[in-house]
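Keep the sequence and the 3D view open while reading.

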Amino acid sequence: MPTTPARRRLSPAEREAQIAEAAIAVARAEGLAGVTLRGVAAAVGVAPSLVAHYRPSMEELVGETFRVVATAEVAEVARLVDRATGPLERLAALVACIEDPARDDVAVLWADAWSLGRTNAVLATAAREVMDDWQRLAAGIVADGVRQGVLHTDDPDGVARLLFALVDATNGYALVDHLDRATREDLVRVTVARAVGVPADALDAAR
């Protein structure tokens, strides 16, 4: 009679990686609130006690899960933006990437981070630090455009902050279906274009 082969026992490093991957999958599917002991254990297919053995602090796992996903997005967008030929084109590419519907799942995680970060210090720190990464990316593009005489502002950092304040606000609107997508995206593009002294449709034209 055939027997079912025993499953190989995972090493601690393999189990850690499995739990981390499961947490990311749960976060993308259910949001950060879904990254619970039971939720991650169910995704892995093990008892909650095993997850607790490897990750005794769910606050840390939630924060680290968000950091991994959010940091990967910044790196990916930076690579895409770098393909553009000039500062206006890079700014347009940045805004287009941020608005891409394929990134809506990460936008939801950001909304979760702002809310859950009130009581999760690890998550709050991760959100601030990744936000700083976004800020450096956008401010660098604007500053380069100013140096080349293509963009016009005396406050590249302020423009970057404005961009992400608008993005976060319109992502919040999306969660409750306030305004249609085109209106939300126009609000971001037109406001940022005006902030850097170019025509309102310049970011559309440069895409």
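## Helices and a buried glutamate

Just after helix α8, D177 takes a positive phi of about 60°. The model is predicted.

Helix α8 itself covers residues 156-175, 20 residues in total. From first C-alpha to last, α8 reaches 29 Å, close to the 28 Å expected at 1.5 Å a residue. Its buried residues are G158, V159, A160, L163, F164, L166, V167 and T170. These buried residues pack against α5, α7 and α9.

| Helix | Residues |
|---|---|
| α5 | 87-99 |
| α6 | 104-116 |
| α7 | 121-147 |
| α8 | 156-175 |
| α9 | 181-195 |

Next, the pair α6 and α7. They pack at an angle of about 130°, with their axes 9 Å apart. An angle of this size makes α6 oblique to α7. The crossing of the two helices is left-handed. On the α6 side, W110, D112, A113, W114 and L116 make the contact.

Now to a single residue. Is E99 buried or exposed? E99 counts as buried because its relative accessibility is 9%, and the cut-off for buried is under 20%. E99 lies in helix α5. The E99 side chain makes a polar contact with the side chain of R189, at 2.8 Å. Beyond its neighbours within four places in sequence, E99 is in contact with R181, E185, V188, R189 and R207.

Notes: Residues numbered from 1 in each chain as written. Predicted model: local features only at pLDDT ≥ 70, side-chain atom pairs only at ≥ 80, totals over all residues. Heavy atoms only, no water. Helix = DSSP H or I, 4+ residues; strand = E, 2+ residues; numbered from the N terminus. Buried < 20%, exposed > 50% of the residue type's maximum accessible area, 1.4 Å probe, protein only. Polar contact = N/O pair within 3.5 Å; in protein donor to acceptor, adjacent residues only side chain to side chain. Contact = heavy atoms within 4.5 Å. Expected span 1.5 Å × (residues − 1). Axes fitted to C-alpha atoms, helices over the stretch in contact; angles between N-to-C directions. Parallel < 35°, antiparallel > 145°, perpendicular 65-115°, else oblique. Left-handed = near helix turned anticlockwise from the far one by under 90°.
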